[in-house]
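Here are my notes on the model you sent.

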Amino acid sequence: MSDSILVRAGRPYGQEPVDIVIEGDRIAAIAEVGTATADRVLDAQGCVVLPGLVDLHTHLREPGREHAETIESGSQAAALGGFTCVHAMANTSPVADTAGVVEQVWRRGIECGLVDVRPVGAVTVGLEGRQLAELGAMASSAAAVRVFSDDGLCVHDPLLMRRALEYVKAFDGVVAQHAQDPRLTEGAQMNESELSGRLGLAGWPAVAEESIIARDVLLAAHTGSRLHVCHVSTAGSVEVIRWAKSRGMPVTAEATPHHLLLTEELVSTFDPVYKVNPPLRRRADVEALRAAVLDGTIDIIATDHAPHPREDKDCEWAAAAMGMLGLETALGIAAQVVTRDENSGSADGGADATDSTDWQAIAQLMSVAPARIGQVADQGQPIEPGSIANLAIWDPSVETTVSGERLASRSGNTPYAGFTLPGAVRHVLFRGRPSVVDGGLA
Amino acid sequence: MIGRHLLSAQDLTSADAVRILDTAGELATVTDRSVKKLPTLRGRTVVTLFFEDSTRTRISFELAAKRLSADVINFAAKGSSLSKGESLKDTALTLEAMGADAVIIRHGASGAPYRLANAGWIQGSVINAGDGTHEHPTQALLDAFTLRNHLRAGSGDLAGARVAIVGDILHSRVARSNVALLRTLGAQVTVVAPPTLLPYGVHTWPCDVSYDIDDVLPHVDAVMMLRVQAERMAGSYFPNELEYSRRYGLDSRRMALMPDEAIVLHPGPMNRGVEISAEVADSPRAVVVEQVTNGVHVRMAVLYLLLGGRPEELMVEGADR
């Protein structure tokens, strides 16, 4: 039996400091600072304590593209970012469209032992959008898949989308849609805008996202099924989702850190590190997404962590792969974006950017709500005695300067290289055991 | 003062552009002599790196470099990294290892010359010879040179000149570079196209926009007709060539709407019978062949200025004019 651990003087949800005692995999007690003892002490003086973060949207690349990321390296990156659970997207090779593949991913996650790796099952065979994958077999497998997505590709056929939404009701699954009309985005390279016109890059119009979301919320309402919208990127999409929620439609939505921080202006460098799908949008879209995160229209922040080897970014724009790293920078960005005062979130970082951080909201957006959407029972639990001890402990007194080479991910395609982000992850507890201590893997 | 690279017409100030055009004018008189070569770039290595076939642009640059006595290497990179060939980076590193002083790049991907210039792969000058649907700055310079010869007696800028650019603006690097450069030189530009072939946000460009060529032609000093590619039909940009030609093609009837002195430009290659009728293409008002000649002089001027030639030197070389 493992020894007891004392997390000393941390501030749950940014509130008054307490001592948290962990025995086995659970929180045993929460006590006044200085009153508790344990076999091992982790100093959390001045730190914010959050429920371990849960990412609903991660690309771990294994099996098939282990030169970009592995379940092990991705688990390490996740732990260092404060996560205790990630959902591994299905666009691997082979595609995670059978019970065999999802069980392989799930088992490898357990072997790595740093986070819960929850496989996402493909909606359609081979992500080809033609025939439903064996959703029931994946749900009934040891991996107990509950989230299904063809992420990277849109389930575009409206009848197939309807059937998928209906079918997963049998096991309380959710379809996570990558909303992108393929015909409206053929060859698309960046947000369609004045800038795309000037740069001569084929545009990815907002309507290609918004029209699919509009269709899907109506389908979800019609079938009474749960819909989750991946990486919402436009102000118009926010409006559609806000309307759907006002009508009581069963939809949840996510925004990525990069869509909450970065704008399309970066594309004018033609540096493919800024190439991502959906693309970076206008400042007005960023503002709308931030407002939607704060008012609850957007339910969660999810990373869309998308590692790519150097050769896939060290090239001309059109040839480059789409995607950005996100696991190790997500919390720092959230800390400056999710604030009680809407105007204080600054895009340039800095330590005082976190004075007004709304930690209760971050716990909801990055742990409680994604655990609920993904049906992960052991995650997103409140910080109280009896809960599974999944904890992220964050030090607001320091700053982190991002460098692609220093990240644990096997790839280096971070758009934030050189950025100074507020704070740093100090310790992480995964099921009662330290996965990160003093900013390094335990 | 123009910098180390020529990537975009938008990077040129009016003074830069006039200087290039003036230099091209000087070089034109020099190369009218029986001995057409200048020793200016002797010992310098210039590479034409073409990922897309474009014989006319490549030989124009090649001739320009040779007339300045540079060593010229033609590197026809068949396909790009998009088609699993050697990557742009490895090609660039190879050229750097061979000591290229300038790389003239034509690439199907918008922004490829920016990567070449800014990714730290090479040290030499980069000249954009056309990147995707982005820019083609030397084409804009040769067009400006041609316009200036006809409309402004070959000197100064193009203040007040009225120029229409007609055709597939959306996919045209020639249009983007021309709108920027002609505007910088003081011209009033109108782009004319069916709405499907205008880029999103064209109303923010420094030009007027029209869907109706017949409205515009009576008020221009020059019209530039762009090539329209048949494959655009597949993308539903217009119903068919015949309808396009009827609504936007320049034929004798339409040319008669233009003021008497107005000229017709085309960057080539022309689709006779589509955007331009044979009668117009062969008429004395069409300056298409002159554009080709001017292209060599303008490209000489760009190489000359980027690779450190000095105007004084040029004046001595060309003293017998």
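1. Between chain B and chain A there are 7 residue pairs in polar contact, both residues of each pair being at pLDDT 80 or more. The coordinates belong to a predicted model, and the points below should be read with that in mind.

2. On the side of chain B that touches chain A, two elements give two or more residues: helix 3 (88–97) and helix 4 (112–118) of chain B. Helix 4 of chain B gives the most, with 3 residues. Sorted by class, this side of chain B has 9 nonpolar, 10 polar and 3 charged residues.

3. How many salt bridges are there between chain B and chain A? The count is 3. One pairs A:D314 with B:R115, where the closest N and O atoms are 3.8 Å apart. The cut-off for a salt bridge is 4 Å, so the A:D314 to B:R115 pair, at 3.8 Å, falls within the cut-off.

4. As for extent, the chain contact involves 22 residues of chain B and 18 residues of chain A. The two chains bury about 1,700 Å² between them, and 55% of that area is on carbon and sulfur atoms.

5. Chain B itself is divided into domain 1 (9–136 + 292–317) and domain 2 (137–289). The contact between the domains takes 33 residues from domain 1 of chain B and 29 residues from domain 2 of chain B. Taken over C-alpha atoms, the centres of the two domains of chain B are separated by 25 Å.

6. What area do domain 1 and domain 2 of chain B bury between them? The value is about 2,400 Å², with 62% of it on carbon and sulfur atoms.

7. The polar side of the domain interface in chain B comprises 15 residue pairs in polar contact, with both residues at pLDDT 80 or more. Salt bridges between domain 1 and domain 2 of chain B number 2. In chain B, the side chains of B:E52 and B:R173 meet in a salt bridge, with an N to O distance of 3.1 Å.

8. Which elements give two or more residues to the side of domain 1 of chain B that touches domain 2 of chain B? They are helix 1 (14–31), helix 2 (55–67), strand 3 (102–107), strand 4 (125–131) and helix 11 (288–306) of chain B. Helix 1 of chain B gives the most, with 8 residues. By class, this side of domain 1 has 12 nonpolar, 14 polar and 7 charged residues.

Key
Residues are numbered from 1 along each chain as its sequence is written. Chains are lettered from A and ligands numbered from 1 in the order in which they are written. This is a predicted model: local features need pLDDT of at least 70, side-chain atom pairs count only at pLDDT 80 or more; totals for chains, interfaces and linings use all residues. Side-chain values use heavy atoms; hydrogens and water are left out. Domain bounds come from an automatic or database domain assignment. Contact means heavy atoms within 4.5 Å. Buried area is the accessible area (1.4 Å probe) that two parts lose on being put together, summed over both. A polar contact is a pair of N or O atoms within 3.5 Å; within protein, one must be able to donate a hydrogen and the other to accept it, and residues adjacent in sequence count only if both atoms are side-chain atoms. Helices (H or I, at least four residues) and strands (E, at least two) are DSSP runs, numbered from the N terminus. Ala, Val, Leu, Ile, Met, Phe, Trp, Tyr, Cys and Pro count as nonpolar, Asp, Glu, Lys and Arg as charged, and the others, Gly among them, as polar.
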